[in-house]
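Good morning, and thank you for coming.

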Amino acid sequence: MSSSKKRVYIKTFGCQMNVYDSAQMANLLKPAGYDEVASAEEADLVVLNTCHIREKAAEKVYSDLGRLRQIKEARGKNEAPMQIAVAGCVAQAEGAEIKRRAPVVDFVVGPQSYQRLPQMLAGEEETLATDFAVDEKFERLAQKRAQQGPAAFVTVQEGCDKFCAFCVVPYTRGAEHSRTAEEIIAEVRALVRQGVREVTLLGQNVNAWTSSGPDDGNSWGLGELICHLAQIDGLARIRYTTSHPRDMDDRLIAAHGEIDILMPYLHLPVQSGSDRILKAMNRGHDMDDYKRIIAKIRTARPDIALSGDFIVGFPGETDADFEATMQAVRDIGYASAYSFKYSRRPGTPGAKIKDQVPEEVKIDRLAILQDLLVEQQIDFNASLAGRTLPVLFEKHGRNEGQICGRSPYLQSVFVQGPASLIGSIQNVDITGAGRNALSGNLCQEAVSSA
Ligand code: SAH
Ligand code: SF4
Ligand code: F3S
């Protein structure tokens, strides 16, 4: 491989799995001589790590490719040429079609085959790889990781077997696959040695994670994994995302009551509050199931903050179905949430349903739902004013002398304070609460120890 210095620009779309994969690609490309840069203009290699979840996200890739083509073609004879790779879920879903539609693309790598990128760049492998080589991927990536900052993502599970009727993920990420407990524990230990205090365990269905126990042959679930990770010295916070209600087992729920470093925040998407729509979506649970799970979690951990995902305008959704979603949100109460208009995705069962909801109806419903969710988020944030919360400081704030971190409930918290506190957890008296962030003052002992 070439030893001369080159520059790679990686642009990430979509979910945190892609954020993790982008960091892995950057690590993977280092031995091939690539340093990461912040813009396409200065790059020898541009990687678009793409998302296929909604039409808009997928189409964005082609507009970006159009722009990159201009930069690539404008490079002078004496300048280094630009190479372009499309990675991620659009690469997986469209494969060779991408090169047909955008011949400017040099390489196409799916989410389970990007470990081959260095070999592709060296001309040793085909320029298109979209097979599901998950084991190979994690083997090649192992130990390559260099971490920046005190909070890290760790992919523990990939793929999805649930086949919700609206969703492309089972097709783009493949079947559910769990990394071994040994591998995950080793990765988290290595991160903690590099100064990491918080890990977020990632998976499309993170709570479907499963492994055989090392000695007794008993299978662990995510609850057991979290219990084991909690014993790692120096690790101060554990989170996990995204969970499916069907895999929310009692052991995992109990962990929320027992493990103090498991943060009191749970992202548990329900998508719709209507049983009829949940059935049509093939979610595999109804509202009663969901509410029962929430009640159990609140019993185990009374201060848990809930977050969710919602889709409005799934085919066949009536005003009454939509009202059931609104009522579910009122009943449950969310600290934060993501909500989307249904997007018809080629190849999914939802796309074939005749009774598609008109765009104007989707727009109206989304606005109504988002008003309620925003109101709940503002109320939740405001309820924390006057409290003292431990904050893991991660970076400089926007203003001079300001540092920024995360509360246990995942809100950003801004304080005036010395940069030396970045990487540590400090108590903060919360004095202000907005829609997206909290502000406050460092408690006195933090100020004197700085
Ligand atoms: N595995 C996670 C979600 C992954 S996709 C889960 O099951 O909860 C993230 C979110 O995107 C989903 O929760 C859903 O709300 C949304 N989404 C997925 N497909 C969509 C589509 N076709 N249209 C609109 N939103 C969609
Ligand atoms: Fe998509 Fe459903 Fe799988 Fe989540 S559980 S990734 S929404 S198919
Ligand atoms: Fe998008 Fe793929 Fe994630 S479709 S949401 S990048 S799993």
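Phe166, Phe314 and Tyr342 form one aromatic cluster. In this predicted model, local features need pLDDT of at least 70 and side-chain atom pairs count only at pLDDT 80 or more, while totals for chains, interfaces and linings use all residues. Residues are numbered from 1 along each chain as its sequence is written, chains are lettered from A and ligands numbered from 1 in the order in which they are written, and side-chain values use heavy atoms, with hydrogens and water left out.

Let me explain how rings are paired. A pair of aromatic rings is described by the distance of the centres and the angle of the planes. Rings of Phe, Tyr and Trp (its six-membered ring) pair if their centres lie within 6.5 Å; planes under 30 degrees apart count as stacked, over 60 as edge-to-face and the rest as tilted. By this rule the model has five aromatic pairs. One of them joins Phe163 and Tyr171, with 5.5 Å from centre to centre and 75° between the planes, an edge-to-face arrangement. Phe163 is partly exposed at 36% relative accessibility, and Tyr171 is partly exposed at 37%. For these words the limits are as follows: buried means under 20% relative accessible area, exposed means over 50%, and partly exposed lies in between (1.4 Å probe, protein chains only).

Why is the pair of Phe314 and Tyr342 called edge-to-face? The ring centres of Phe314 and Tyr342 are 5.4 Å apart and the planes stand at 75°, so the pair falls in that class. This pair links distant parts of the chain, 28 residues apart: Phe314 is in the loop between strand E15 (305-312) and helix H13 (319-332), and Tyr342 is in the loop between strand E16 (336-341) and helix H14 (349-352). Helices (H or I, at least four residues) and strands (E, at least two) are DSSP runs, numbered from the N terminus. Phe314 is buried, with a relative accessible area of 0%, and Tyr342 is buried as well, at 3%.

Phe166 also brings us to the ligands. Around ligand 1 there are 15 residues, and the closest are Phe166, Gln204, Gln271, Asp309 and Ser343. A residue is near a molecule or strand if one of its heavy atoms lies within 4 Å of it. A polar backbone atom of Phe166 is 2.9 Å from a nitrogen atom of ligand 1. An oxygen atom of ligand 1 lies 2.6 Å from a polar side-chain atom of Asp309, and a polar side-chain atom of Arg283 is 3.5 Å from an oxygen atom of the ligand.

Which residues surround ligand 2? They are Cys160, Lys162, Phe163, Cys164, Phe166, Cys167, Val169, Pro170, Asn205, His244 and Arg283. By class, this shell has seven nonpolar, two polar and two charged residues. In this scheme Ala, Val, Leu, Ile, Met, Phe, Trp, Tyr, Cys and Pro count as nonpolar, Asp, Glu, Lys and Arg as charged, and the others, Gly among them, as polar. Phe163 itself is found in the loop between strand E8 (157-158) and helix H7 (169-172), and has a positive phi of about 50° although it is not a glycine.

Asn282 also has a positive phi, of about 60°, and is not a glycine. Asn282 lies in the loop between helix H11 (275-280) and helix H12 (287-300), and counts as partly exposed at 39% relative accessibility.

I turn now to ligand 3. The residues around it are Cys15, Asn18, Thr50, Cys51, His52, Ile53, Cys89, Arg173 and Gln204. They divide into four nonpolar, four polar and one charged. Is His52 buried or exposed? His52 is buried, with a relative accessible area of 7%. Leaving aside residues up to four places away in sequence, His52 touches Ala58, Cys89, Val90, Ala93, Glu94, Val168, Thr172 and Arg345, where contact means heavy atoms within 4.5 Å.

Finally, two arginines deserve mention. Arg54 lies over the face of Phe340, at 3.7 Å from the ring centre, and the charged end of Arg101 sits over the ring of Tyr62, 3.6 Å from its centre. The rule is that a charge sits over a ring if NZ of Lys or CZ of Arg is within 6 Å of the ring centre and within 35 degrees of the ring normal.

Thank you for your attention.

Terms used
A polar contact is a pair of N or O atoms within 3.5 Å; within protein, one must be able to donate a hydrogen and the other to accept it, and residues adjacent in sequence count only if both atoms are side-chain atoms.
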